[in-house]
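Please examine the structure shown here, with attention to how its chains are built and how they meet.

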Amino acid sequence: MLQVFGIWIAALLTLAIYSFLYKDNPFYKIAEHIFVGVSAGYWAVILWFDFTWPNLFEPLIREGNFIYVMPIIVGLMMFAPLIPKINWLIRIPLTFTMGVAMATVITQRVQGDIIPQLHATFLPLSGVSPPALLSNLLIIIGVVATLVYFYFSKEHKGILGVGAKLGIWFMMVAFGASFGYTVMARISLLIGRVYFLLHNWLHVI
Amino acid sequence: MNILDRIAELDRRIIFLLIGLAVTIPLLMPIGLPVDITKPVKDVYDKVESLPKGSIVVVSVDYDPGSEAELYPATEAFLEHCFRKDLRVYMIGLWPAGPALGNLALDSIAPHYNKVYGIDYVNVGYKPGGMIMLLSLGRNVGDIVRADYAGTPIDSLPLGRAVKSASDMDLVMTLSAGDPGVLHWIIYFKARYGTPIATATTAIMAPQQYPYLSSGQLVGLLGGLKGAAEYETLVRRKARAVAGMDSQSIVHVLIVIFIIIGNIILVYQRRVR
């Protein structure tokens, strides 16, 4: 019974949201406000029960692990700008967060992203089948031409200009692929909603 | 005013109506257009096929209801394949709402294969922290996972005890709708611990994954609802994604026609001016 009630609510809210396609109306406004309110409430619950409680207060209170007082103190420093006299305290949590993030991101980005991606462009141009040769050539030329386009220290003239123009073409192909996938994604979302209305709500498919 | 001028002034609601009809009619009256299998999807399927019975597959549900239409069918199809192959599923989520959606999929698939919670599959819930969490998870799972989704101590579950670090994970499948998601798994988990990563992403994210496919950092890719439909076809499970493919194809043709007409009108109006 509860499930049927939930499906009806979801179906009516879906129709209310889609009614905006005709024109703005009170049903759309109601659905929009419900969404904002429910999202805020949902996030508040998630942040407490899945984030703050298990990662901070549970080890501190239940397990008596008092080292967790430190993140509370440092976390409270984030609110220091609310009191102008101790405004400077915010520098401590900010520098700590930036330091940890930079150390982690820089090392892992190099190890897990830049080097493997660079390695993937070192492709053989001999001893491979003709289709593989064409594919490897396209990747190598595409990478070099796109990098040339983003080289701004010298005017794009002569060979540099040709490379930059080629780079634009490669990027245009990439943008086209992204646009195609974006259209597909948006239509998939519509299909998902229409499927829900026809299958779960109306039971006609 | 000739026909091109009239089309240029067309009420956009007529276009919305046409798109709506192009989606709805094929769902009501399926045509059954063929679903071709692409290599990135086949690679995911082959990887799962190659895993021996009892292997542990981490399924990371990194999306929320906003991407449910694209990624939930892939979640169900992938779980069905895992359970059919008698693989053990260790579910986790980098997005708060992910594990709840993952639970829906587990509840709908696991009973068909008589799988037992705690032994054949487990859901450890949402784990915040992104990159830092993943680095810790691979080193020592116990630092991150103390209880499952329902609050049951993880050590009381056989599968929970079996997963101690990245070396116990045979494959990670991330169903990813953004950040944190597949890039975090590749850059912070695969690079550090070497565990193979497969992914199902929203269609918008799919083009960004191709460099990682060609570099071998990803085992394979299910891109959007189309990728899910291909996987459903491979595992012989004609469900929601396959049902949506007729609509998808027809709408794409319609949009191509709109683009062509739009460009003809643009050229015409430039010449007239």
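The questions and answers below concern a predicted model.

Q: In which order do the six strands of the open sheet in chain B lie?
A: The sheet of chain B is open and its pairing is parallel. The edge strands, each pairing on one side only, are β3 (121-126) and β6 (221-223) of chain B. From one strand to the next, the twist averages 15°. The order is β3-β2-β1-β4-β5-β6.

Q: Which residue of β5(B) is the bridge partner of B:V172?
A: Strand β4 of chain B covers residues 171-176, and β5 of chain B covers residues 197-201. The two strands pair in the parallel sense over five bridges. In β5(B), the bridge partner of B:V172 is B:I197.

Q: What angle does the direction of helix α10 of chain B make with that of β6(B)?
A: Helix α10 comprises residues 224-234 of chain B and packs on the sheet. There, α10 touches β5 and β6 of chain B. Its direction makes with that of β6(B) an angle of about 125°.

Q: Which helix gives the most to the side of chain A that touches chain B?
A: The contact takes 35 residues from chain A and 38 residues from chain B. On the side of chain A, α2 (26-62), α4 (91-119) and α6 (158-201) each supply at least two residues. By class, this side has 21 nonpolar, ten polar and four charged residues. With 18 residues, the helix that gives the most is α6(A).

Q: How are α6(A) and α10(B) oriented to each other?
A: In α6(A), A:Y181, A:M184, A:A185, A:S188 and A:I191 meet B:G224, B:L225 and B:K226 of α10(B). The residues of this contact divide into five nonpolar, two polar and one charged. The axes come within 7 Å and cross at roughly 70°. Angles of 65 to 115 degrees count as roughly perpendicular, and α6(A) and α10(B) are therefore roughly perpendicular.

Q: How many charged residues has the contact of α5(A) with α6(A)?
A: Helix α5 (residues 130-149) of chain A packs on α6(A) at an angle of about 110°, with the axes 7 Å apart, and the two helices are therefore roughly perpendicular to each other. Their crossing is left-handed. Among the residues that make the contact are A:G142 and A:Y149 of α5(A), and A:L160 and A:F170 of α6(A). By class, the contact has nine nonpolar and four polar residues, and the number of charged residues is none.

Technical notes: Residues numbered from 1 in each chain as written. Chains lettered and ligands numbered in written order. Predicted model: local features only at pLDDT ≥ 70, side-chain atom pairs only at ≥ 80, totals over all residues. Pairing = 2+ DSSP bridges. Helix = DSSP H or I, 4+ residues; strand = E, 2+ residues; numbered from the N terminus. Axes fitted to C-alpha atoms, helices over the stretch in contact; angles between N-to-C directions. Contact = placed C-beta atoms within 7 Å. Nonpolar A, V, L, I, M, F, W, Y, C, P; charged D, E, K, R; others polar. Parallel < 35°, antiparallel > 145°, perpendicular 65-115°, else oblique. Left-handed = near helix turned anticlockwise from the far one by under 90°.
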